[in-house]
Amino acid sequence: MPIDASAALAAEPRRAEIGWHHKDVQLYHLGLGAGIPATDPDELRYTLESRLHVLPSFATVAGAGTAAFGGMGAPGIDVDLAAVLHGGQTVRVHRPIPVTGRAVQTSKVAAAYDKGKAAVIVLRTEASDDDGPLWTNDAQIFVRGEGGFGGERGPSDRLTVPERAPDRTVERPIREDQALLYRLSGDWNPLHADPAFAKLAGFDRPILHGLCTYGMTLKAVTDTLLDGDVSRITAYRTRFAGVVFPGETLRVRMWAEEGRVQVTVTAAERDDAPVLADTLVEHA
């Protein structure tokens with residue numbers, strides 16, 4: 001049935017209590033490729049509980065594993081999940097995420113945009129604990145064939161790539177087993193593990209989770225330009241522009257500006273095929 005934007009936007013937020021432990025944080029970081037070399041002091045900040053800090057992108061998996069999609073069951077949103085693509089992701093952190101914590105998370109449809117032949121639904125999840133707001137997640141969900149419901153077209157968040165050379169370029173290899181490890185943080189979609197399922201979806205082998213690439217990129221920027229200090233990060237957004245496969249290499253190009261880092265991510269072995277675009281890390 002068509003999207004009923006007014007019903008979706010008027011629906012009461014869904015509320016859930018979530019919790020996480022240092023093991024959840026460590027598993028998430030390992031799923032991003034942290035811990036190589038295992039004894040590197042910079043990597044121990046991601047893997048050793050006595051030194052642990054939390055990448056803000058952990059907010060996409062905290063507690064529920066697939067928290068970014070908590071609003072998909074809202075009234076007025078009755079779509080074929082086979083037509084759904086994760087188009088983009090934004091995380092805004094209001095303060096550093098604790099290593100162990102409990103929070104109340106609310107999920108709602110924040111916007112529904114009519115792109116003509118498709119719709120873009122913005123699913124917002126917000127988490128707070130006893131000390132106040134922790135984070136806000138916005139997942140931009142692209143739904144093929146669900147446009148034409150008469151809504152606003154919505155803003156364009158495209159970024160122009162700077163004409164100058166990147167300030168830093170780093171490469172991050174994706175382990176062959178990385179999707180299998182990352183999915184233990186909560187995204188059990190067989191597209192990332194089952195070759196037969198991947199072929200049904202049009203791929204010759206399983207692809208890496210987009211949110212894994214998202215986290216890997218934030219770690220690369222943090223380690224390269226922010227002195228490994230996750231507490232400096234205030235917001236992080238991207239548009240998913242293409243797929244990447246386990247065993248490939250991410251090429252991460254960074255342009256440093258005042259208070260922000262603009263990023264592009266490509267697949268090095270496939271002639272720099274786009275993976276992430278319109279990517280921005282905001283920092284103190």
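**The β8–β9 hairpin and its surroundings**

In the hairpin formed by β8 and β9, where 2 residues sit between the strands, Gly 259 adopts a positive phi near 75°. The model is predicted, so that local features need pLDDT of at least 70 and side-chain atom pairs count only at pLDDT 80 or more, whereas totals for chains, interfaces and linings use all residues. Residues are numbered from 1 along each chain as its sequence is written, and side-chain values use heavy atoms, with hydrogens and water left out. Helices (H or I, at least four residues) and strands (E, at least two) are DSSP runs numbered from the N terminus, and two strands pair if DSSP finds at least two bridges between them.

**Strand pairing and the hairpin loop**

- Strand β8 (residues 249-257) runs antiparallel to strand β6 (residues 168-173), and 6 bridges join them; Arg 172 has Leu 250 of β8 as its bridge partner.
- β8 also pairs in the antiparallel sense with strand β9 (residues 260-267), over 8 bridges, and here Leu 250 stands opposite Ala 267 of β9.
- Gly 259, found in the loop between β8 and β9, is partly exposed at a relative accessible area of 26%, where buried means under 20% relative accessible area, exposed over 50% and partly exposed in between (1.4 Å probe, protein chains only).
- Not counting residues up to four places away in sequence, Gly 259 touches Val 281, Glu 282 and His 283, contact meaning heavy atoms within 4.5 Å.
- From C-alpha to C-alpha, Gly 259 and Ala 284 are 5.9 Å apart in space, although 25 residues apart in sequence.

**Asp 129 in strand β4**

- Asp 129 belongs to strand β4 (residues 118-129) and counts as buried at 18% relative accessibility.
- The side chain of Asp 129 makes a polar contact of 2.3 Å with the side chain of Arg 95; such a contact is a pair of N or O atoms within 3.5 Å, of which, within protein, one must be able to donate a hydrogen and the other to accept it, while residues adjacent in sequence count only if both atoms are side-chain atoms.
- Leaving aside neighbours within four places in sequence, the contacts of Asp 129 are Arg 95, Arg 102, Ala 103 and Leu 134.

**Aromatic pairs**

- The structure holds 7 aromatic pairs, defined by rings of Phe, Tyr and Trp (its six-membered ring) whose centres lie within 6.5 Å, with planes under 30 degrees apart counted as stacked, over 60 as edge-to-face and the rest as tilted.
- One of the pairs is formed by Trp 20 and Trp 135, which are tilted, with 5.6 Å centre to centre and 50° between the planes.
- Because Trp 20 lies in strand β1 (residues 14-20) and Trp 135 in strand β5 (residues 132-144), this pair ties together parts that are 115 residues apart in sequence.
- Both partners are buried, Trp 20 with a relative accessible area of 4% and Trp 135 with one of 0%.
- The rings of Phe 203 and Phe 245 are edge-to-face, because their centres are 6.5 Å apart and their planes stand at 70°.
- Phe 203 counts as partly exposed at 24% relative accessibility, whereas Phe 245 counts as buried at 8%.
- Trp 20, Tyr 28, Phe 58, Trp 135 and Tyr 182 form one aromatic cluster.

**Helix α6**

- Of the 16 residues of α6, 13 are buried, so that the helix is mostly covered.
- Just after α6, Asp 227 takes a positive phi of about 55°.
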